[in-house]
Amino acid sequence: MKLSQVFLGLGSNLGNRRDNMEKALALIAGRVGEILALSGFYETPPWGYESAESYLNAVVKVETGLSPSVLLSVTRAIERETGRKEKTVNGAYRDRIMDIDILLYDDLVMQTPELTIPHPFMHRRQFVMQPLAEIAPGAIHPVSGRTMTELYRSFQKNAAPL
């Protein structure tokens with residue numbers, strides 16, 4: 001079986017955020033694959049909406065034999081098991097117990113109605129780029145050809161998006 005390297009973004013801003021993250025990480029290790037790296041946890045304000053509840057965010061690198069579509073199903077099931085009731089609809093973001101995004105899957109570039117890889121907004125989100133640059137500074141974004149460190153630095157300088 002071919003194993004792929006996948007980066008997942010995790011976020012929680014309801015309940016005991018650290019416990020939510022640790023439960024999700026345990027489920028990822030049990031159902032997705034071996035965790036190869038985990039960033040630090042970062043406290044950040046909500047992105048794309050207003051809320052008094054700040055997020056705890058992290059990025060995890062996992063080695064998996066799951067296809068992208070199966071991985072999406074598994075991460076959605078983990079979100080539900082940790083207490084998430086619904087996914088974001090039409091960009092209407094809201095507070096959530098657990099959010100898991102597929103950021104990168106090897107050097108795959110794909111777009112379906114259900115899934116876009118690489119994640120289309122990752123380079124615009126400091127809460128993604130900072131932990132991603134921490135654990136995979138030299139990883140290459142398969143569309144821009146830039147490293148995670150370069151993307152994070154350009155983000156810090158408010159450079160134009162990809």
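**Confidence**

The structure is a predicted model, and its protein chain has a mean pLDDT of 89, with 90% of the residues reaching 70 or more. Confidence within the chain is highest in strand E2 (residues 33-38), at 98, and lowest in helix H4 (residues 148-156), where the mean is 84.

**Nonpolar cores**

The largest nonpolar core comprises 24 residues, and those with the most contacts inside it are Leu8, Leu10, Ile28, Val32, Leu71, Ile78 and Ile102. Two or more residues of this core come from each of strand E1 (4-12), helix H1 (17-31), strand E4 (55-64), helix H2 (68-81) and strand E5 (99-105). Helix H1 gives the largest share, five residues. Apart from this core lies another, of 15 residues, which includes Leu104, Met129, Leu132 and Tyr152.

Isoleucine 78 belongs to helix H2 and counts as buried because its relative accessibility is 0%. Leaving out residues up to four places away in sequence, isoleucine 78 touches Ala24, Leu27, Ile28, Arg31, Val32 and Ile100. The C-alpha atom of isoleucine 78 is separated by 9.9 Å from that of alanine 26, although the two residues are 52 residues apart along the chain. Isoleucine 102, with the same exclusion of residues up to four places away, touches Val6, Phe7, Leu8, Pro68, Leu71, Leu72, Leu115, Ile117 and His119.

Methionine 129, which is among the residues of the other core, is found in helix H3. Its relative accessibility is 0%, and methionine 129 therefore counts as buried. Beyond its neighbours within four places in sequence, methionine 129 is in contact with Met122, His123, Met148, Leu151 and Tyr152. As for helix H3 itself, seven of its ten residues are buried, so the helix is largely enclosed by the rest of the structure. The buried residues of H3 are Phe127, Val128, Met129, Pro131, Leu132, Ala133 and Ile135.

**Separations in sequence and in space**

| Residue pair | Separation along the chain | C-alpha separation |
|---|---|---|
| Isoleucine 78 and alanine 26 | 52 residues | 9.9 Å |
| Methionine 110 and proline 68 | 42 residues | 9.4 Å |
| Methionine 129 and serine 54 | 75 residues | 17 Å |

Methionine 110 lies in strand E6 and is partly exposed, because its relative accessibility is 22%. The contacts of methionine 110, not counting residues up to four places away in sequence, are with Pro68, Leu115, Thr116 and Ile117.

**Aspartates and backbone features**

Aspartate 101 has its place in strand E5, and with a relative accessible area of 16% this residue is buried. Apart from residues up to four places away in sequence, aspartate 101 touches Phe7, Leu8, Gly9, His119 and Arg125. Aspartate 106, by contrast, lies in the loop between E5 and E6 and is partly exposed, with a relative accessible area of 29%.

Most residues other than glycine have a negative phi, and most peptide bonds are trans. Aspartate 106, although it is not a glycine, has a positive phi of about 50°. The peptide bond that joins isoleucine 117 and proline 118 is cis, with omega at about 0°. Proline 118 itself is placed in the loop between E7 and helix H3 (126-135).

**The second largest pocket**

The second largest pocket has a volume of about 150 Å³. At least two residues of the lining are supplied by each of strand E6 (110-111) and strand E7 (116-117). In terms of class, the lining has seven nonpolar and five polar residues, and no charged ones.

Notes: Residues numbered from 1 in each chain as written. Predicted model: local features only at pLDDT ≥ 70, side-chain atom pairs only at ≥ 80, totals over all residues. Heavy atoms only, no water. 1 Å grid on protein atoms, 1.4 Å probe; cavity = no way out; pocket = protein on both sides within 12 Å on 5 of 7 lines; lining within 4 Å. Points joined across faces, edges and corners; volume = space filled by probe spheres on them. Helix = DSSP H or I, 4+ residues; strand = E, 2+ residues; numbered from the N terminus. Nonpolar A, V, L, I, M, F, W, Y, C, P; charged D, E, K, R; others polar. pLDDT = per-residue confidence, 0-100. Core = buried A, V, L, I, M, F, W, Y, C linked by side-chain atoms within 4.5 Å. Buried < 20%, exposed > 50% of the residue type's maximum accessible area, 1.4 Å probe, protein only. Contact = heavy atoms within 4.5 Å.
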